[in-house]
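I opened the model to look at how its chains meet. These are my notes in the order I took them.

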Amino acid sequence: MRDVVITGVGAVTPLGVGARVLHERWTAGACAVRDGEAPCADFDVVDHMTSKEARRADRATQFAIAAGDEALADAGWGDELPYDPELIGCVLGTGIGGIGTLENNHDLLRDTGPDSVSPLAVPLMMSNAGSAALSLRNGLRGPVFSVVSACAAGSHAIGTALRMIQHGEAEAVVTGGAEAPLTPLSRAAFARMNALSPTGVSRPFDARRDGFVMGEGAGVLVLEAGDAARARGARILGTMRGYGASGDAHHITAPHKEGRGGARAMSIALGDAGFTPADIDYVNAHGTSTQLNDRAETLALKLALGERASQIPISSTKSAIGHLLGAAGAVEAIATVLALRDRIAPPTIGWEEPEEGMDLDYVPGTAQPLKLSNGRPPVAISNSFGFGGHNATLCLQAA
Amino acid sequence: MATTTTTTPQSIEDTVVESLVNFGADADAITRDATLEDIDVDSLDLVELTQVVEETYDIDLDGSDFKTVKTVGDVIDLVVAKVG
């Protein structure tokens, strides 16, 4: 099987514009949650595209375009693509798609009638708008589509991209996820199902956790076939070692109580990578700060990794930037590969009070250096679990 | 949104040009002779322009009305004729 490497990363997150901004600020313990939400306050669309491009993109797609530009530049893709464009794919994930566009146009429909609905409503709100925009902007003519699996979509997209390269459908795939859910309907809907934190605090794995904090943003990675990337002299950030996906078939929103589905995704990813639990040095947890997820994920980690689960650092990016829904897995994969590169486990910000049975090393408050013993580049898994019982785990290794 | 001022060919031209600029066309490049391709105005822009014109002048345009236009001048003349 061909190896698949990460050659470029880009991100727009509540911590700022840029993948390295995310990594450096999270590692330093910064938290972007303000008034119970985590908006991308530093993002100004005029810095990233023309007014015409901006008008034709929902906020989620605008994030994807900015993150995509950064990722392609980071990969050293100049004006000319490094491979036949028909062998470069694009797969992005989203949980909801262009919900801001949908809500605005529904307001117009209700208030002033059907003739007022924008002709741009469909191309802006369709869930595949992000992958379409990156394909158009960069001339990517390989397989192009989006993946929808709620809060696991970003990881499913990356896993799908990995398979496309492994199977020879593509030499490279631009992949990741984007979401812009800070809208009235989305806020109300998540609040009504008691998923959001009423106190507005994201503190994954802490006994006082009471729900997630909604964020927004995008993460984009450039994956390339390892042999092709090396042949063109690309700088390699890390390797995508494995991918595992599973379904709970248990409940539409609640995870399996013993974390069986999540554990299976992790075990499949490890098997796919050819690793055992002893090979894992760090876990980037799904860690949403909801009562159900964080307990079930802790159990899933113990089930999948056995005693190794209590020997390695496990932290949640959502403690710093909230929950980016369908973008979360992509942004967290980027945070993971940069953490591995620096041999560090960024912290779970705000973790203070342990809960009975949740006794893993959640890296409270301050980043920890990874403890490495066998001399090979460190390995991590990154978990994403979505409503519907969708579980996806990525296994990454530093270069 | 009905106009409160008198509709003239010049005011219609102003509405068309203002719309094209709002859609992202370069204001300096908009002349009567400029082709829609020159100023990067495509079919989606024309559908939006149809909506603006219909709302502004309270008229109905046919979806096929813009099918033969090539230049900004063609667009302006067509709208002036329809508003009549």
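Entry 1. I began with contacts, keeping in mind that the model is predicted. I found twelve residues of chain B in contact with ten residues of chain A.

Entry 2. I then looked up the buried area. Between chain B and chain A it comes to about 960 Å², and carbon and sulfur atoms give 41% of that. On the chain B side I noted B:L44, B:E48 and B:Q51, which supply 48% of the area that chain B buries against chain A.

Entry 3. Next I went through the polar side of the interface. The rule finds four salt bridges across the interface of chain B and chain A. I also listed nine residue pairs in polar contact there, with both residues at pLDDT 80 or more. Helix α2 of chain B, residues 43-57, gives the largest share of the side that touches chain A, with six residues. By class, I count that side of chain B as five charged, four nonpolar and three polar residues.

Entry 4. B:D45 forms a salt bridge with A:R56, and their closest N and O atoms are 3.0 Å apart. Leaving out residues up to four places away in sequence, I found that B:D45 touches A:K52 and A:R56 in chain A, and B:F23 and B:D40 in chain B.

Entry 5. Is B:D45 buried or exposed? Its relative accessible area is 0%, so I recorded B:D45 as buried, the cut-off being under 20%.

Note on methods
Residues are numbered from 1 along each chain as its sequence is written. Chains are lettered from A and ligands numbered from 1 in the order in which they are written. This is a predicted model: local features need pLDDT of at least 70, side-chain atom pairs count only at pLDDT 80 or more; totals for chains, interfaces and linings use all residues. Side-chain values use heavy atoms; hydrogens and water are left out. Contact means heavy atoms within 4.5 Å. Buried area is the accessible area (1.4 Å probe) that two parts lose on being put together, summed over both. A salt bridge is a side-chain nitrogen of Lys or Arg within 4 Å of a carboxyl oxygen of Asp or Glu. A polar contact is a pair of N or O atoms within 3.5 Å; within protein, one must be able to donate a hydrogen and the other to accept it, and residues adjacent in sequence count only if both atoms are side-chain atoms. Helices (H or I, at least four residues) and strands (E, at least two) are DSSP runs, numbered from the N terminus. Ala, Val, Leu, Ile, Met, Phe, Trp, Tyr, Cys and Pro count as nonpolar, Asp, Glu, Lys and Arg as charged, and the others, Gly among them, as polar. Buried means under 20% relative accessible area, exposed over 50%, partly exposed in between (1.4 Å probe, protein chains only).
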